[in-house]
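The sequence and the structure are shown first.

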Amino acid sequence: AYSAGLMNPCTGVDHPKSKLTVSKARYIRKHFNLDKKKYSVIKLAKKFEVSEQTVRQVINNITWKETR
């Protein structure tokens with residue numbers, strides 16, 4: 001159904017299980033780049049209640065690409 005264009009996949013904030021928003025993704029990128037010691041991946045993951053992998057994916061533009 002997705003490939004036929006009958007359904008659109010839910011992504012980003014439209015996904016019902018999404019824990020991040022556009023502003024949170026921007027915050028993660030901005031603060032990680034400003035001070036990696038104060039805003040480590042672990043601390044950011046705890047702050048937003050997501051996994052460390054999720055934070056790394058945001059930082060490396062694997063996910064939330066539209067927030068660059």
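How do the axes of helix 1 and helix 3 cross, and within what distance do they come? In this predicted model, the axes of helix 1 (residues 22-34) and helix 3 (residues 52-59) come within 9 Å and cross at roughly 80°, which makes helix 1 roughly perpendicular to helix 3. On the side of helix 1 the contact is made by Ala25, Ile28, Arg29 and Phe32, and on the side of helix 3 by Val55, Val58 and Ile59. Of the residues in this contact, 6 are nonpolar and 1 is charged, with no polar residue taking part.

Helix 3 also meets helix 2 (residues 41-48), the two axes coming within 8 Å and crossing at roughly 110°, so that helix 2 and helix 3 are likewise roughly perpendicular to each other. Here Val41, Ile42, Leu44 and Ala45 of helix 2 meet Glu52, Val55, Arg56 and Ile59 of helix 3, and the residues of this contact divide into 6 nonpolar, no polar and 2 charged.

The count of salt bridges comes to 1. It joins glutamate 52 to arginine 56, with the closest N and O atoms 3.4 Å apart. Both residues lie in helix 3, where they are 4 residues apart, about one turn of the helix. Glutamate 52 is partly exposed, with a relative accessible area of 34%, and arginine 56 is also partly exposed, at 41%.

| Pair | Distance of ring centres | Angle of planes | Arrangement |
|---|---|---|---|
| Tyrosine 27 and tyrosine 39 | 6.4 Å | 90° | edge-to-face |
| Tyrosine 27 and phenylalanine 48 | 5.6 Å | 75° | edge-to-face |

The pair of tyrosine 27 and phenylalanine 48 links distant parts of the chain, since tyrosine 27 belongs to helix 1 and phenylalanine 48 to helix 2, 21 residues apart. Is phenylalanine 48 buried or exposed? At 12% relative accessibility, phenylalanine 48 counts as buried, whereas tyrosine 27 is partly exposed, with a relative accessible area of 24%. Taken together, Tyr27, Tyr39 and Phe48 form one aromatic cluster.

Note on methods
Residues are numbered from 1 along each chain as its sequence is written. This is a predicted model: local features need pLDDT of at least 70, side-chain atom pairs count only at pLDDT 80 or more; totals for chains, interfaces and linings use all residues. Side-chain values use heavy atoms; hydrogens and water are left out. Axes are lines fitted to C-alpha atoms, for helices over the stretch in contact, and angles run from 0 to 180 degrees between N-to-C directions. Helices (H or I, at least four residues) and strands (E, at least two) are DSSP runs, numbered from the N terminus. Angles under 35 degrees count as roughly parallel, over 145 as roughly antiparallel, 65 to 115 as roughly perpendicular and the rest as oblique. Contact means heavy atoms within 4.5 Å. Ala, Val, Leu, Ile, Met, Phe, Trp, Tyr, Cys and Pro count as nonpolar, Asp, Glu, Lys and Arg as charged, and the others, Gly among them, as polar. A salt bridge is a side-chain nitrogen of Lys or Arg within 4 Å of a carboxyl oxygen of Asp or Glu. Buried means under 20% relative accessible area, exposed over 50%, partly exposed in between (1.4 Å probe, protein chains only). Rings of Phe, Tyr and Trp (its six-membered ring) pair if their centres lie within 6.5 Å; planes under 30 degrees apart count as stacked, over 60 as edge-to-face and the rest as tilted.
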